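This report looks at charged pairs in the protein and then at the surroundings of the ligand.

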Amino acid sequence: MNTPHLSLIGPLTALSEEERMFQAAAREFAEKEIRPHVETMDREGVFNYELIDKFFAQGFMGLSVAETYGGSGGTFFMAILAIEEFSRVDASAGVVIDVQNTLVNNALERWGSEAQKQKFLPRLVRDTVGAYALSEASAGSDAFSLAARAREDGDHFVLNGRKLWTTNAKEAGLFIVFANVDPELGYKGITAFLIERDTPGFSLGKKEDKLGIRASSTCELILEDCRVPREHLLGEVGQGYKVAIETLNEGRIGIGAQMTGLARGALEHAIVYAKERKQFGKPLAEFQAIQFQLARLATDLEAARLMTYNAARLKDARLPFLKEAAMAKYFCSQVAERVASECLEVYGGYGFTKDYPAEKYLRDSKIGKIYEGTSFMQLQTIAKLILA
Ligand SMILES: Cc1cc2nc3c(=O)[nH]c(=O)nc-3n(C[C@H](O)[C@H](O)[C@H](O)COP(=O)(O)OP(=O)(O)OC[C@H]3O[C@@H](n4cnc5c(N)ncnc54)[C@H](O)[C@@H]3O)c2cc1C
């Protein structure tokens with residue numbers, strides 16, 4: 001098998017010098033810049049705009065974009081490292097860079113024309129948040145049953161419909177929007193469009209008030225005779241389903257990283273607490289039951305990280321990764337929920353309050369099983385592949 005980028009076969013968690021330095025920089029950034037805002041952003045349900053400016057300034061919004069377009073020219077794996085480090089501190093921060101890197105930039109790099117890349121990638125790297133709008137009120141797991149329509153009108157397409165659940169929508173300047181040009185063609189009518197925020201006929205609807213990742217904006221998009229120039233077609237007419245499937249296949253690894261980072265953050269906090277909190281005259285960490293609980297969770301976390309890293313390394317090596325990506329997303333979201341839930345119990349009653357971060361980790365963990373394909377949808381993909 002051809003493995004052009006697989007120059008070294010080593011332990012999955014062994015990082016190159018460049019990756020180690022990058023990981024350390026992402027961790028330091030998350031601690032210094034993100035951590036101080038986490039509680040306020042969660043309480044207010046608003047992402048700090050100045051923080052997003054810093055994501056751009058530090059290159060976190062264009063990690064694997066080629067240097068010719070102003071990006072960092074890194075690997076997909078580096079984006080995964082950054083998502084993990086950010087999510088260890090705040091899963092909302094993790095998903096901001098996840099959507100930008102693994103969905104929006106990725107789709108443009110793969111499907112965009114040279115003119116589109118030159119027009120949009122430098123902006124996405126420099127100052128423009130991107131969003132990815134596939135889901136609708138009645139098109140969730142059944143993602144290709146879109147009601148949004150696109151009609152050709154000379155050198156434009158006219159879009160009508162509503163998209164739901166669009167992450168980053170409040171902050172975004174560029175949206176990848178999927179609509180069907182001919183419902184009779186079924187999924188083969190689905191077409192992807194690049195829509196700038198100020199396009200006439202485009203507006204934001206309701207912003208969701210959520211259980212977790214509260215700082216990450218999730219909004220409805222409204223398309224009312226929204227005129228999109230033909231040159232903003234992403235890929236060809238009727239190829240939108242491919243754009244969606246291929247980017248989401250990769251994006252799932254990002255969610256694996258988000259959930260791995262979240263689980264790490266929850267466990268690290270619980271370990272500190274278990275060493276400090278005393279009952280029956282000694283720290284909780286000295287009770288074997290607590291030790292075993294933490295050891296089991298650390299083992300789960302290790303497995304989650306290995307699955308995520310493996311899927312990302314496979315993708316960078318241009319080897320098949322579809323099954324591994326679905327497995328990573330499925331498994332890591334389970335691990336994140338279990339780790340966050342059991343870590344909360346380590347705090348006893350205090351874990352149930354907002355005085356400690358445990359409850360936020362648990363709230364944030366729930367989304368891992370839902371977006372970019374629910375757990376059942378991951379199982380469907382895995383089953384299809386192993387039974388083929
Ligand atoms: C916070 C948040 C952010 C999001 N961000 C984005 C975004 O940026 N862009 C975007 O396009 N979408 C986004 N989504 C949408 C997300 O991808 C969908 O919510 C998800 O795909 C599930 O769709 P649904 O909510 O309609 O649930 P449904 O599809 O109605 O599913 C409900 C339940 O039924 C199960 N189910 C459905 N079909 C089957 C089946 N065939 N077999 C077995 N079980 C089944 C599901 O697993 C689930 O348990 C986001 C969602 C949330 C909550």
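## Salt bridges

Across the whole structure, a search finds 34 salt bridges, each being a side-chain nitrogen of Lys or Arg within 4 Å of a carboxyl oxygen of Asp or Glu. Glutamate 31 forms one with arginine 88, where the closest N and O atoms are 3.0 Å apart. Because glutamate 31 lies in helix α1 (residues 17-34) and arginine 88 in helix α4 (residues 76-89), the pair ties together parts that are 57 residues apart in sequence; helices here are DSSP runs (H or I, at least four residues) and strands likewise (E, at least two), numbered from the N terminus.

## Basis of the values

The model is predicted, so local features need pLDDT of at least 70 and side-chain atom pairs count only at pLDDT 80 or more, while totals for chains, interfaces and linings use all residues. Residues are numbered from 1 along each chain as its sequence is written, and side-chain values use heavy atoms, with hydrogens and water left out.

## Ligand shell

The ligand is surrounded by 19 residues, the closest being Ser135, Ser141, Trp165, Thr167 and Thr374, where a residue counts if one of its heavy atoms lies within 4 Å of the ligand. By class, this shell has 9 nonpolar, 8 polar and 2 charged residues.

## Polar contacts

For polar contacts (pairs of N or O atoms within 3.5 Å), a polar side-chain atom of serine 141 lies 2.7 Å from an oxygen atom of the ligand. A nitrogen atom of the ligand is 2.7 Å from an N or O atom in the side chain of threonine 167, and a backbone N or O atom of tyrosine 132 lies 2.7 Å from a nitrogen atom of the ligand.

Conventions. Polar contact = N/O pair within 3.5 Å; in protein donor to acceptor, adjacent residues only side chain to side chain. Nonpolar A, V, L, I, M, F, W, Y, C, P; charged D, E, K, R; others polar.
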